[in-house]
Amino acid sequence: MMHTSGFATRAIHSGYDPESEQGALCPPLHLTSTFTAPTADEMGARFAGEVDGHFYSRISNPTLDLLERRMSALEGTEAALATASGMGAITATLWSLLKPGDEILVDRTLYGCTFAFLRHGLSRFGIKVRTVDMTNSDRLIESVNDSTKVVYFETPANPNMRLVDIASVSKLAHVHGAKVIVDNTYATPFLTRPVSLGADLVIHSATKYLGGHGDLVAGIVAGRTELIEQIRLYGLKDMTGAVMSPFTAMLVLRGLKTLDLRMQRHCSNAAAVAAFLKQQDQIADVYYPGLQDFPQHMLAKRQMDDFGGMIAFEMTGGLQAGKKLIDSLQMIHCAVSLGDAETLIQHPASMTHSTYEPEERVEHGIPDGLIRLSVGLETISDILDDLDRALRMV
Ligand SMILES: *Cc1c(COP(=O)(O)O)cnc(C)c1O
């Protein structure tokens, strides 16, 4: 029933019946590492997967189960898996799907630690990592071949906002039997449901919009049951151990209840900020998918239900002007992370994306002068006033 309800309804109700918990409106928090069984045979059967039932919280826990059901209801997937962080989701997934000799094709622009994992993790263990600009369909067609096992990208990409066309990349990848993984952290399922567009797996840093309050670190993977169980039993249970704590799951569940409301405000605030920045002489370029002249505005309209809360921009005065702007802001804090109630600003080249070598950044679409703004939930006039005041000081 819940899969057909509206998004906000699913974010609040799906996967939970208070009657099963003595009428408790809010689901209980299962702070337990292990579970008892009435007999040795019963416990053995749970370990063998012959009967359902929890036995140890690195494999499953009722609070995590509920979060997983709720996330799969929001992403429209059969199953989901909760992990200790977004990086836990990425590493557990890729370690499960790839082996030495396999090839992964990734987009040109990736979150800094994802890029670092490909270099320091997968590449060191004999997995071939190839990079292509996935916004260029000709280059992409040349790059996918039968040795490509996984195609991996973010859309919109952190930090430069480039979009990748999920439906067309998935179609092409599937011709060659590759699995498509989309990091949907920026868009959230409120704006984009990659699996409905053809992707195999969706990954989230739930630290960001899903949690939404800047008080936790968490990750999610969603997709078909067969893939999710493979990631749970190998990547998560054996290889990374990157398990989410039940307490964190409870906080993410609480955050999800307002995801719909929060995303609406993030989107409307960001649209206003993008329009404001666009008019300023001190700003050379504004990258926001909702702007009419954003190069992929048409794709954004097709693939996203609104344009999100993230903006990137470059100052006319380059990096120094950007740093001066950051230092002159009063309400808006300089901090990494994103998707919080607070508006946050940061400089990718020296912060979130400093994992790239300086000479690599331009090639990967991360110019030194780029500034990233996560537009929060404050009163819009206060956000604009703070930016306006600081811009005058640049
Ligand atoms: C933050 C982020 C990650 C990593 O998530 P953590 O929860 O910090 O481990 C991965 N992808 C994107 C796009 C991110 O913004």
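Colleague: Hi! In which sense do strand 6 (residues 201–205) and strand 7 (residues 219–223) pair?
Modeller: Strand 6 and strand 7 pair in the antiparallel sense, over 5 bridges. Two strands pair if DSSP finds at least two bridges between them. Strands (E, at least two residues) and helices (H or I, at least four) are DSSP runs, numbered from the N terminus. Keep in mind that this is a predicted model, where local features need pLDDT of at least 70 and side-chain atom pairs count only at pLDDT 80 or more, while totals for chains, interfaces and linings use all residues. Residues are numbered from 1 along each chain as its sequence is written, and side-chain values use heavy atoms, with hydrogens and water left out.

Colleague: Thanks! Which residue is the bridge partner of Ser205 in strand 7?
Modeller: Ser205 has Gly219 as its bridge partner there.

Colleague: And what order do the 7 strands of the open sheet have?
Modeller: The order is 1-7-6-5-4-2-3, with mixed pairing. Strand 1 (79–83) and strand 3 (128–132) are the edge strands, each pairing on one side only. On average, neighbouring strands of this sheet are turned by 20 degrees against each other, direction ignored.

Colleague: Which strands does helix 4 (residues 86–97) touch?
Modeller: Helix 4 packs on the sheet and touches strand 1, strand 2 (103–107), strand 4 (148–154), strand 5 (179–183), strand 6 and strand 7. Its direction makes about 150 degrees with that of strand 6. Axes are lines fitted to C-alpha atoms, for helices over the stretch in contact, and angles run from 0 to 180 degrees between N-to-C directions. Contact means heavy atoms within 4.5 Å.

Colleague: Now the ligand. How many residues surround it?
Modeller: There are 14, and the closest are Gly86, Asp183, Ser205, Thr207 and Lys208. A residue is near a molecule if one of its heavy atoms lies within 4 Å of it.

Colleague: How far is a nitrogen atom of the ligand from the side chain of Asp183?
Modeller: That nitrogen is 2.6 Å from an N or O atom in the Asp183 side chain. Ser205 turns up again here: one of its polar side-chain atoms lies 2.8 Å from an oxygen atom of the ligand. The protein covers 92% of the 380 Å² of accessible area that the ligand has on its own. Such areas come from the Shrake-Rupley method with a 1.4 Å probe; for residues, only the protein chains shown count as cover.

Colleague: New topic: where is Thr343?
Modeller: Thr343 is in the loop between strand 10 (333–334) and strand 11 (344–346).

Colleague: Why does Thr343 count as buried?
Modeller: Because its relative accessibility is 0%. Buried means under 20% relative accessible area, exposed over 50%, and partly exposed in between (1.4 Å probe, protein chains only).

Colleague: What does the side chain of Thr343 make a polar contact with?
Modeller: The side chain of Glu378, at 2.7 Å. The Thr343 side chain also reaches the backbone nitrogen of Gly376 at 2.8 Å. A polar contact is a pair of N or O atoms within 3.5 Å; within protein, one must be able to donate a hydrogen and the other to accept it, and residues adjacent in sequence count only if both atoms are side-chain atoms.

Colleague: Last one: which residues does a cis peptide bond with omega of about -10 degrees join?
Modeller: Thr155 and Pro156. Pro156 is in the loop between strand 4 and helix 7 (166–175). Another cis peptide bond joins Asn158 and Pro159, with omega about 10 degrees. Most peptide bonds are trans.
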